[in-house]
Amino acid sequence: MYRFEAPQNKWTIDSIYQMCVLTETSPQSIFNKNYFLSKVTEEGRITLLGDTLIIVKGKELIKEKLANHAIVEEAQRYFQLSI
């Protein structure tokens, strides 16, 4: 899980632009090798990362490895997306 903490230095679009482009477009980026869907809920967060579904409800953390057909089903169920 990624967390963005308050940086010591003030970031600007110019200072992080190249890093963002690389993260979004590089074939080596984890975000281009796996499914990465995440959304905040009232109770916590739901994330689909590759073949792992992660559900955080308060202090409870549930991680589940999914079969290929289940990835498609859970993307539809939690994110209303067809993949």
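Reader: Is Leu81 buried, partly exposed or exposed?

Author: In this predicted model, Leu81 lies in the segment that follows α2. Its relative accessibility is 37%, and buried would require a value under 20%, whereas exposed would require one over 50%. Because 37% falls in between, Leu81 counts as partly exposed.

Reader: Which residues make a nonpolar surface patch with Leu81?

Author: The patch that includes Leu81 has an area of about 320 Å². Apart from Leu81 itself, the residues that make this patch are Tyr35, Val72 and Ile83.

Reader: Which element gives the most residues to the largest nonpolar core?

Author: The largest nonpolar core has eleven residues in all, among them Leu37, Ile46, Leu66 and Phe79. At least two residues of this core come from each of β2 (44–49), β3 (52–57) and α2 (68–79). With five residues, the element that gives the most to this core is α2.

Reader: Is Ser29 buried or exposed?

Author: Ser29 sits in the loop that runs between α1 (13–25) and β1 (36–40), and, with neighbours within four places in sequence set aside, Ser29 is in contact with Leu22 and Thr23. Since its relative accessibility is 10% and the cut-off is under 20%, Ser29 counts as buried.

Key:
Residues are numbered from 1 along each chain as its sequence is written. This is a predicted model: local features need pLDDT of at least 70, side-chain atom pairs count only at pLDDT 80 or more; totals for chains, interfaces and linings use all residues. Side-chain values use heavy atoms; hydrogens and water are left out. Helices (H or I, at least four residues) and strands (E, at least two) are DSSP runs, numbered from the N terminus. Buried means under 20% relative accessible area, exposed over 50%, partly exposed in between (1.4 Å probe, protein chains only). Contact means heavy atoms within 4.5 Å. A nonpolar core is a set of buried Ala, Val, Leu, Ile, Met, Phe, Trp, Tyr and Cys residues joined through side-chain atoms within 4.5 Å. Patches are made of residues with over 30% relative accessible area and no salt bridge: like charges are joined within 9 Å, nonpolar side chains (Val, Leu, Ile, Met, Phe, Trp, Tyr) within 5 Å. Accessible areas come from the Shrake-Rupley method with a 1.4 Å probe; for residues, only the protein chains shown count as cover. A salt bridge is a side-chain nitrogen of Lys or Arg within 4 Å of a carboxyl oxygen of Asp or Glu.
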